[in-house]
Amino acid sequence: MHDGHDHAHPLRPDRDEHPGYYQVMATALRELLLEKNVFTAEELRRQMEKMDERGPHLGARVVARAWADAAFKTRLLADGPAACRELGVDIGPTRLVVLENRPELHNLVVCTLCSCYPRALLGLPPDWYKSVNYRRRAVREPRAVLEEFGTRIPDGTAVRVHDSTAELRYIVLPMRPAGAEGLDEAALAALVTRDAMIGVALPKAP
Amino acid sequence: MRRAHDMGGLPGGPVTPEEHDYALWEKRVDAMSVLIGNKNIFNLDEFRHAIELLGADAHEKLSYYERWVYAIAHNLIQRGVITVDELGRRMTEVEKTGRT
Amino acid sequence: MTGASAAFAAGDAVRVRRAFPIGHVRAPFYIRGKAGTVERYCGEFGNPEERSVMQEDGPPIGLYRVRFRQAEVWPDYRGRPEDSIDIEIYANWLERA
């Protein structure tokens, strides 16, 4: 459905023709900060590029390796940042915790206070993750929210919500779907959606 | 007192899987805030605090990055990096020239 | 409490203080007064309540990931009794339960 990496979304109008109040303020702030040498235009450009390069494909690589390599999975669950570094995925200072889904446990991530998100591995969050309705309801009625995403958790599976409001950042390690045995890592990664790593969806079937 | 941003567990409507590709100005605001943090101009908690001070209707009236712009401006003024006067004058100029 | 690192260990029963000050607080409203179990100690960090008002030189405080039973958090919770919620709580908000 809305897994964030196989279809384009409409570009919200940039409103450059008639910039709104806060867009005007954003331009004014950028100009003032450049003039005051708080940062350079080059630094700003590089930071934008760096963020553009981040996205669910990074998380998908990590998940695919964990599906393919049990020893890596153990290291990933024990020390997320170190395991990402092993794959050459630089997550900076992010204190990453990887939450393993198991037949008896499904994990779901939210931030009720703002919208903390594992940006280093998944890029910028989707709008619904930041929405009032998700932030209000994910902690109290996670199963109902999951159903709205078309995700049915078996009755025998417990649901654990992670309200990510402080220093750690979380991604979900989904269960490898049936029929994925023998696929190579690239093929496995293609099954891993952003929403599966937030915990609102399950990976695609091969 | 429960404050407006602290909304976990309140009743809400359906979660609609909405998203949009971020616009250039939003990406710029995002990048500015990261650089400001990296350079210790102000800290993340000040930033969050400023957003929280926007109050109850901010989530309806302002978009996500509009709230960020407000918070960045608020904290830069508080830290003495820019003045209210500078910001006001520059905004007038930006608006007049249509610069983005 | 402030500055006391690792005052709790994994498995300790704790309760989030029931308090409602103004200011920038990272302990969500819905979890105040609720009892849970320490899942892990996360290390020491600057106190967000102080940092939010530009007081950046205070001692770091411990942070704990605490696991709560959903049935304990929401009296009308509809789900399985094993359902749980994990939240990181700063040491100054925790007391022994």
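A residue here counts as buried when its relative accessible area is under 20%, as exposed when over 50%, and as partly exposed in between (1.4 Å probe, protein chains only). By that rule B:Asp6 is buried, because its relative accessibility is 3%. This is a predicted model, so local features need pLDDT of at least 70 and side-chain atom pairs count only at pLDDT 80 or more, while totals for chains, interfaces and linings use all residues. Residues are numbered from 1 along each chain as its sequence is written, chains are lettered from A and ligands numbered from 1 in the order in which they are written, and side-chain values use heavy atoms, with hydrogens and water left out.

- B:Asp6 sits in the segment before helix 1 of chain B; helices (H or I, at least four residues) and strands (E, at least two) are DSSP runs, numbered from the N terminus.
- Setting aside neighbours within four places in sequence, B:Asp6 is in contact (heavy atoms within 4.5 Å) with A:Leu113, C:Ala27, C:Pro28, C:Phe29 and C:Arg32.
- B:Ser33 belongs to helix 1 (residues 24-38) of chain B, and it counts as buried because its relative accessibility is 14%.
- The side chain of B:Ser33 reaches back to the backbone oxygen of B:Asp30, at 2.8 Å, and B:Ser33 also touches B:Trp68 and B:Ile72, if you skip residues up to four places away in sequence.
- A:Ile198 is part of helix 11 (residues 194-198) of chain A, and at 2% relative accessibility it is buried too.
- Apart from neighbours within four places in sequence, the contacts of A:Ile198 include A:Tyr117, A:Trp128, A:Tyr129 and A:Tyr134.
- A:Ile198 and A:Ile171 are 27 residues apart in sequence, yet their C-alpha atoms are 5.9 Å apart in space.

**Where chain B meets chain A**

- On this interface, 56 residues of chain B are in contact with 60 residues of chain A.
- The two chains bury about 5,600 Å² between them, 62% of it on carbon and sulfur atoms; buried area is the accessible area (1.4 Å probe) that two parts lose on being put together, summed over both.
- On the chain B side, B:Val15, B:Glu19 and B:Arg90 lose the most area to chain A, together 13% of what that side buries.
- Chain B and chain A share eight salt bridges, each being a side-chain nitrogen of Lys or Arg within 4 Å of a carboxyl oxygen of Asp or Glu.
- B:Glu86 makes a salt bridge with A:Lys36, and their closest N and O atoms are 2.7 Å apart.
- Helix 1, helix 4 (64-78) and helix 5 (84-97) of chain B each supply at least two residues of the side that touches chain A, and helix 1 gives the most, with 12 residues.

**Rings and charges**

- The whole structure holds 16 aromatic pairs over all chains; rings of Phe, Tyr and Trp (its six-membered ring) pair if their centres lie within 6.5 Å, and planes under 30 degrees apart count as stacked, over 60 as edge-to-face and the rest as tilted.
- The rings of C:Phe8 and C:Tyr64 are edge-to-face, because their planes stand at 75 degrees, with centres 5.3 Å apart.
- C:Phe8 lies in the segment before strand 1 (13-16) of chain C and C:Tyr64 in strand 3 (residues 61-69) of chain C, so this pair ties together parts that are 56 residues apart in sequence.
- Both C:Phe8 and C:Tyr64 are buried.
- C:Arg17 lies over the face of C:Trp93, 4.6 Å from the ring centre; the rule is NZ of Lys or CZ of Arg within 6 Å of the ring centre and within 35 degrees of the ring normal.

Methods. Polar contact = N/O pair within 3.5 Å; in protein donor to acceptor, adjacent residues only side chain to side chain.
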